[in-house]
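Please look over the chain shown below before reading the notes that accompany it. The notes go from the overall layout to individual residues.

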Amino acid sequence: MMPDEPTRWDVIVIGAGPAGMSAALELDRLGLSALVVDSAPLPGGQYFKQSLLRPEVVQSAEGRTLLTEFARAGVRRLMDTQVWGITPERDGFEVAVFRRHDGERRLWSQALIIATGAYDRPVPFPGWDLPGVMMAGGALTMIKHQGVLPGRRVLLCGTGPLQWVLARHLLEGGAQVVGMVDAAPFPWRAIRHMTVLAGQGERLREGLGAWAAILRAGVPVHWGKIILRAEGSAGVERAVIGRPDGTSTQSFAVDTVCLGYGFQPFNHLARMIGCEHHYAAALGGWVPRRDEWCETTIAGVFVAGDAAGIQGKDVALLEGKLAGWGAARRLGADVPHDQVSALRADLRRQAAMARFLYFLFPYPFDRIPYPVEDDTILCRCEEVRVRDVRAVVREGVSTLRMVRMLTRAGMGLCQGRTCADLVCHILAQETGTPVADIAGPRVSPPLFPIPLYGIIEEEDAYVRTED
Ligand SMILES: Cc1cc2nc3c(=O)[nH]c(=O)nc-3n(C[C@H](O)[C@H](O)[C@H](O)COP(=O)(O)OP(=O)(O)OC[C@H]3O[C@@H](n4cnc5c(N)ncnc54)[C@H](O)[C@@H]3O)c2cc1C
């Protein structure tokens, strides 16, 4: 393909995780031309992520089957390729991509399926920017896919079962887990809702296996507590935990703190092109409004999987399929209507499980005020502190956009991916407005920092790097 020549597809699927792969397989079965684009070197997404060094490392037999099916099908894919912008056109969408060592920069499709997953949800506290404080998802990626332990004496702070999974991996890797701190109370409430667990054998096995490892290793679990601060000079050396009101504190000597307060949907591309979003705490933040085919408020744009709300791999697989059918239907293809109601019923069952988990382990800072002190860094890229944001809000600023303009919070390399949600919570707290009523961040291209040669149109100005 020539660098500046748009390449036309029926559907471009962004993301080769469970949702994107299952969408693309359905499109392929229905005879549509689909291209899957992903910034990772191999398909699989977060759950079925493959390691370049150890390609056999996939989460489960289910993952291996899906990846084999995906490899055998005729779906075209463009890996190692970031989508950094989308422009809606009269009859389709132009998709701007950046791929190191390659000249292909513009693609075009009639419909889009955005299956870009999620990312770790940060929580600021004094010392959260010290080396050695990291997100649980990042730590899991290091262990499972790079074979590297994030530290030796590790404290886990957050909420929910992903912490258990991480604890198990750390223990198996030889790390000492000095404690697991969960913001939620012990999940006694689960007993009254056991029926949700029917048909969830795989998840139960995974959860119970992790618990058994935690109990065997004698890891102390601190329910109803959060991390209050991390201390150290060149890196974290101590972590202090306690109740959200600052009482019942305990201090631990550590070299690593992993934060597992859940994920946020990564739907910035859908926001960039103007799909309507709303705030849903139980789904992890801003999520797109969608119809029963996963189609957004912009015709031809579908969002599936964690990008549409944090509900896990099983929902992602089912939603991908539904979005594939939805996109095919939008382009006039026949979809297997006889299977749609069974799929939707399955989806409702899996979504109920996700809701159940949120009921047991909600994101704590939707309910309690951020325990952040004024001096805490909020925007790490631009080094904006909590006090800077509070100061402009106390002067009358009430929108995220104005906070951004006046303080530079969210204007750095990550473009607010890390701090926008945090700023909204501070705005909500200071103004007494529900977070859901604060307009979410606007997203503009480029979505990621990319070299100028990835944007400049003239071929002469294009620096081609040899592989
Ligand atoms: C870091 C992390 C670790 C996790 N670990 C676990 C775990 O151990 N156990 C568990 O049960 N669940 C885990 N989860 C949750 C689980 O992986 C997800 O629920 C599931 O993978 C969702 O599938 P998905 O297809 O919606 O998204 P994903 O699997 O996240 O796939 C999204 C894909 O989109 C690609 N992408 C995103 N943006 C772009 C872009 N602009 N251009 C090109 N490509 C893009 C990404 O590279 C990724 O491959 C983890 C999630 C994260 C974020």
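What follows is a briefing on domains, ligand shell, helices, sheets and some single residues.

This is a predicted model, in which local features need pLDDT of at least 70 and side-chain atom pairs count only at pLDDT 80 or more, while totals for chains, interfaces and linings use all residues. Residues are numbered from 1 along each chain as its sequence is written. The domain assignment of the chain gives domain 1 (7-119 + 264-335), domain 2 (122-258) and domain 3 (372-437), with bounds that come from an automatic or database domain assignment. Helices (H or I, at least four residues) and strands (E, at least two) are DSSP runs, numbered from the N terminus.

**Domains and ligand shell**

- The centres of domain 1 and domain 2, taken over C-alpha atoms, are separated by 30 Å.
- Both domain 1 (7-119 + 264-335) and domain 2 (122-258) give residues to the shell around the ligand, so the ligand lies between them.
- There are 34 residues around the ligand, and of these Gly17, Gly45, Gly117, Gly137 and Gly305 come nearest; a residue is near a molecule or strand if its C-beta atom, placed from the backbone, lies within 6 Å of it.
- Two or more residues of the shell are given by each of helix H1 (18-29), strand E4 (82-89), strand E7 (118-120), helix H3 (136-146) and H7.
- By residue type the shell divides into 18 nonpolar, 13 polar and three charged, where Ala, Val, Leu, Ile, Met, Phe, Trp, Tyr, Cys and Pro count as nonpolar, Asp, Glu, Lys and Arg as charged, and the others, Gly among them, as polar.

- The twelve residues of H1 reach 17 Å from the first C-alpha to the last, close to the 16 Å expected at 1.5 Å a residue; the expected span of a helix is 1.5 Å times one less than its number of residues.
- H1 is mostly covered, with ten of its twelve residues buried, among them Pro18, Met21 and Leu25; a residue is buried if 20 or more other C-beta atoms lie within 10 Å of its own, exposed if 12 or fewer, and partly exposed in between, with C-beta atoms placed from the backbone.
- Helix H7 (residues 312-330) has 19 residues, which should span 27 Å at 1.5 Å a residue, and the 26 Å between its end C-alpha atoms agrees with this.
- H7 is likewise mostly covered, 17 of its 19 residues being buried, and just after H7 glycine 332 takes a positive phi of about 90 degrees.

**Sheets and hairpins**

- Five strands form an open sheet in the order E8-E15-E9-E10-E11 with parallel pairing, two strands being paired if DSSP finds at least two bridges between them.
- Strand E8 (133-135) and strand E11 (221-223) stand at the edges of this sheet with a single partner strand each, so one side of each is left without a neighbour in the sheet.
- E8 is joined to strand E15 (residues 256-260) by three bridges, the two running parallel, and methionine 135 stands opposite leucine 259 in E15.
- Another open sheet has three strands in the order E12-E13-E14, and its pairing is antiparallel.
- Strand E12 (residues 226-231) and strand E13 (residues 238-242) pair in the antiparallel sense over five bridges; arginine 229 stands opposite valine 240 in E13, and isoleucine 227 has isoleucine 241 as its bridge partner.
- The hairpin of E12 and E13 has six residues between the strands, and in this hairpin glycine 232 takes a positive phi near 160 degrees.
- E4 and strand E5 (residues 92-98) pair in the antiparallel sense over seven bridges and form a hairpin with two residues between them, with glutamate 89 standing opposite glycine 92 in E5.

**Single residues**

- Aspartate 80, in the loop between strand E3 (76-78) and E4, has a positive phi of about 55 degrees although it is not a glycine, and counts as partly exposed with 15 C-beta neighbours inside 10 Å.
- Cysteine 294, in the loop between strand E18 (285-288) and strand E19 (301-303), has a positive phi of about 70 degrees although it is not a glycine, and counts as buried with 29 C-beta neighbours inside 10 Å.
- Aspartate 375, in the loop between helix H8 (337-360) and strand E20 (377-379), counts as exposed with 9 C-beta neighbours inside 10 Å.
- The peptide bond from proline 445 to proline 446 is cis, with omega near -5 degrees, and proline 446 is found in the segment after helix H11 (420-431).
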